[in-house]
Amino acid sequence: MLVTALIIFFAQLIYVPILTLRTIMMVKGLKHRAAAMGMLEGVIYVVAIAIIFSDLENYYNMAAYALGFGVGLYLGALIEEKLAIGYVSIEVNIPEKNQPLIDRLRELGFSVSSSYVEGMNSNRCQLDCTARRDREKEFIQIVSSFEPAAFIVSFEPRNFKGGYITKAMKRRRERYLKRKQKAENSAN
């Protein structure tokens with residue numbers, strides 16, 4: 001009786017994170033990966049539901065399904081946060097152009113375009129940047145160390161075409177990591 005409930009609970013712990021990731025992959029346009037996840041999701045779902053329907057008077061099974069679903073959603077969100085699939089566009093608004101900040105961001109592989117914008121009380125500098133989602137926190141820390149009062153907003157672009165984004169960001173990041181490695185090796 002409790003064994004089947006545990007099976008259902010653990011099936012949900014696998015099923016729901018897969019459901020979450022499949023949904024995210026669909027939204028991000030990763031059709032092939034989403035389809036593969038969907039097939040796996042379907043198999044797990046059918047097995048769990050078949051077990052529940054085989055004994056509708058067992059309330060432990062239903063409770064395990066619901067509890068597993070809730071915990072699975074939480075796990076799915078944690079996994080997605082760790083994977084950080086995709087890119088973010090980040091706008092940084094600062095009082096004036098900060099060339100050392102721009103140079104540092106570019107050195108670390110972030111794309112940066114700067115322009116002057118009209119603020120409420122003064123002209124300001126706006127940095128339009130792009131980063132992989134898994135580097136968003138790093139980006140914000142760097143900006144905050146140079147400009148503690150910066151206004152930073154990020155959002156996820158659905159599509160982009162051309163520009164600096166993919167290849168150049170990767171090459172610049174690789175060069176930075178090689179220089180950092182050499183510096184560490186020479187320090188030791």
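Me: Which helices are included in what covers the buried residues of H2?
Reply: Cover here is judged by contact, meaning heavy atoms within 4.5 Å. Helices (H or I, at least four residues) and strands (E, at least two) are DSSP runs, numbered from the N terminus. The cover of H2's buried residues includes helix H1 (2-27) and H3.

Me: What kind of model is this, and how are residues numbered?
Reply: It is a predicted model, where local features need pLDDT of at least 70, side-chain atom pairs count only at pLDDT 80 or more, and totals for chains, interfaces and linings use all residues. Side-chain values use heavy atoms, with hydrogens and water left out, and each chain's residues are numbered along its sequence from 1.

Me: Which residues in H2 are buried?
Reply: Buried means under 20% relative accessible area, exposed over 50%, and partly exposed in between (1.4 Å probe, protein chains only). An α-helix has 3.6 residues a turn, so residues three or four places apart point the same way. The buried residues of H2 are Ala-34, Met-37, Glu-41, Ile-44, Ala-48, Ile-49 and Ile-52.

Me: What does H1 reach from its first C-alpha to its last?
Reply: H1 has 26 residues. At 1.5 Å a residue, 38 Å is expected. The reach is close to that, at 37 Å.

Me: Which residue just after H1 takes a positive phi?
Reply: Look just past the end of H1. The phi there is about 80°. The residue is Gly-29.

Me: How many disulfides does a search of the whole structure find?
Reply: A disulfide is a pair of cysteine sulfur atoms within 2.5 Å. The sulfur of Cys-125 has its closest cysteine sulfur in Cys-129, 9.5 Å away, so this is too far for a bond. Cys-125 is buried at 0% relative accessible area, and Cys-129 is buried at 3%. The number of disulfides found is zero.

Me: Is Tyr-74 buried or exposed?
Reply: Tyr-74 lies in helix H3. Its C-alpha is 9.5 Å from that of Leu-13, 61 residues away in sequence. At 56% relative accessibility, Tyr-74 counts as exposed.

Me: What is the relative accessible area of Leu-78?
Reply: Leu-78 lies in helix H3. Its C-alpha is separated by 9.0 Å from that of Pro-17, 61 residues apart along the chain. Leu-78 is partly exposed, with a relative accessible area of 36%.

Me: How far apart in space are Glu-107 and Arg-133, C-alpha to C-alpha?
Reply: Glu-107 is in helix H4 (residues 99-107). It is partly exposed, at 30%. Glu-107 and Arg-133 are 26 residues apart in sequence, and their separation in space is 18 Å.

Technical notes. The expected span of a helix is 1.5 Å times one less than its number of residues.
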